[in-house]
Amino acid sequence: MSVVLPEPYAPLLGGADYLDVIGGVPPWVPPVGEEVHTVRRGRNPLERALADRAAAASRTLDAGADPDGGEGCEDDADPGRPPRPLAARANDDGELAVGHVEEVEIGDPVGDLDRLIGLAPVKQQVTRLLAEARAEVMRRRVGMPDTGRSRHLLFVGNPGTAKTTVARIAARIYAQQGLLSRGQLVEVSRADLVGEYIGQTAPRVRAVLERALGGVLFIDEAYSLVPRDSHRDFGHEAVATLLKGMEDLREDLVVVAAGYPEEMRRFVDANPGLTSRFPTTVEFADYDEDALWAIFRLVATEAGFTLAWGVEQAVRALLPRVRPRNFGNGRFVRNVFEEATALQAVRVVALTDPSADVVRTLLPQDLPARGAVKESVEPSAGLYL
């Protein structure tokens with residue numbers, strides 16, 4: 001049986017005017033005796049044609065040419081330079097789209113790590129992890145067998161303890177030492193990995209892995225992928241796809257799963273493969289009072305403010321003596337600073353022709369009242385729960 005295609009669709013199928021249907025029965029007609037409400041997965045004939053065009057464009061881009069027939073960019077035309085890797089990302093329908101990953105400026109990542117306020121145990125552990133990875137490369141060069149040790153990491157700690165910042169610096173350190181090819185950080189959450197419909201989740205995860213290849217994939221609130229008492233949730237498919245990608249791409253990819261301590265223990269227990277894929281846990285402790293004041297002073301200075309005498313005492317008075325669960329740490333201090341600048345703005349705009357010193361100075365009375373800034377951050381359950 002042959003079915004005549006509507007005029008607009010024929011050119012997309014290579015100029016064919018007819019579509020041969022296997023068995024003489026269109027695929028959307030249910031077999032005899034099958035209930036019409038039975039779910040049958042079909043495929044739009046346009047989808048294959050569009051997918052073929054996208055694949056051709058991807059091959060053209062990978063070869064360094066312009067898909068529209070041009071000569072391509074100057075960097076891609078350089079035969080002495082390896083082609084820049086393509087990044088795949090998922091669109092709203094879970095399909096893959098192709099694009100370039102931006103270049104990363106490595107700079108001085110070790111110096112940036114040293115300059116972070118506090119975090120002495122974290123800095124020591126990152127330094128040790130780097131030494132282990134470099135030693136593994138040296139052992140391979142002299143013919144020793146690969147230990148197969150995974151470099152993927154768990155970052156556990158309350159919010160505002162610089163987990164994302166350390167992950168970004170670690171990516172640049174690994175790239176600087178030649179352990180990763182690019183050194184970019186790709187930060188994602190459940191919403192970026194888990195689709196709303198069947199068939200969307202695995203392509204989204206694979207697209208994110210491709211984007212992060214050569215750098216670090218940072219999964220914030222990773223425990224939201226495996227919600228409590230939700231075995232049919234698509235998050236389990238995301239974890240399974242992620243585990244396979246972590247193994248297949250481990251030579252040029254580091255995955256960092258981050259979140260609150262208690263919730264991350266549940267995350268690791270949710271799948272037997274997670275324990276072996278994440279052999280190392282880096283714990284980010286809450287900042288002490290001196291570190292929190294140092295963070296406030298640093299943020300204010302970088303914003304161009306001058307701190308009057310008494311501001312330090314006012315900030316310290318706002319810090320909780322007993323830290324609540326999921327205390328916001330640096331995030332709490334930044335919120336205090338933003339509230340203070342808002343109150344200072346109200347004060348200075350009421351003045352007549354204030355001087356530059358007045359405009360840039362924070363006074364103790366500009367600090368918010370105790371309780372005006374939320375001290376703790378409740379963990380999110382994920383976008384689709």
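The model is predicted, so local features need pLDDT of at least 70, side-chain atom pairs count only at pLDDT 80 or more, and totals for chains, interfaces and linings use all residues. Residues are numbered from 1 along each chain as its sequence is written, and side-chain values use heavy atoms, with hydrogens and water left out.

**Stop 1: helix 5**

Select residues 163-176. This is helix 5, with 14 residues. Helices here are DSSP runs of H or I, at least four residues, and strands are runs of E, at least two; both are numbered from the N terminus. From first C-alpha to last, helix 5 reaches 20 Å, close to the 20 Å expected at 1.5 Å a residue. That expected span is 1.5 Å times one less than the number of residues.

Now colour by accessibility. Buried means under 20% relative accessible area, exposed means over 50%, and partly exposed lies in between (1.4 Å probe, protein chains only). Among the buried ones are Lys163, Val166, Ile169, Arg172 and Tyr174.

Step past the end of the helix to Gly178. Its phi is positive, near 80 degrees.

**Stop 2**

The structure holds 18 salt bridges. Each is a side-chain nitrogen of Lys or Arg within 4 Å of a carboxyl oxygen of Asp or Glu.

Select Arg149 and Glu132. They form a salt bridge, with the closest N and O atoms 3.8 Å apart. Arg149 sits in the loop between helix 4 (120-141) and strand 5 (153-157), and Glu132 sits in helix 4, so the pair ties together parts that are 17 residues apart in sequence. Arg149 is partly exposed, at 45% relative accessible area. Glu132 is also partly exposed, at 30%.

**Stop 3: Asp366 and Arg347**

Select Asp366 and Arg347 next. In this salt bridge the closest N and O atoms are 2.9 Å apart. Asp366 lies in the segment after strand 11 (361-362) and Arg347 in helix 13 (residues 330-349), so parts 19 residues apart in sequence are tied together. Asp366 is buried, at 2% relative accessibility. Arg347 is partly exposed, at 22%.

**Stop 4: Asp357 and Arg360**

Move to helix 14 (residues 356-360). Asp357 and Arg360 both lie in it, three residues apart, about one turn of the helix. They form a salt bridge, with the closest N and O atoms 3.0 Å apart. Arg360 is partly exposed, at 37% relative accessibility.

**Last stop: a network**

Select Glu289, Asp290, Glu312, Arg316 and Arg321. Salt bridges that share partners join these residues into one network.
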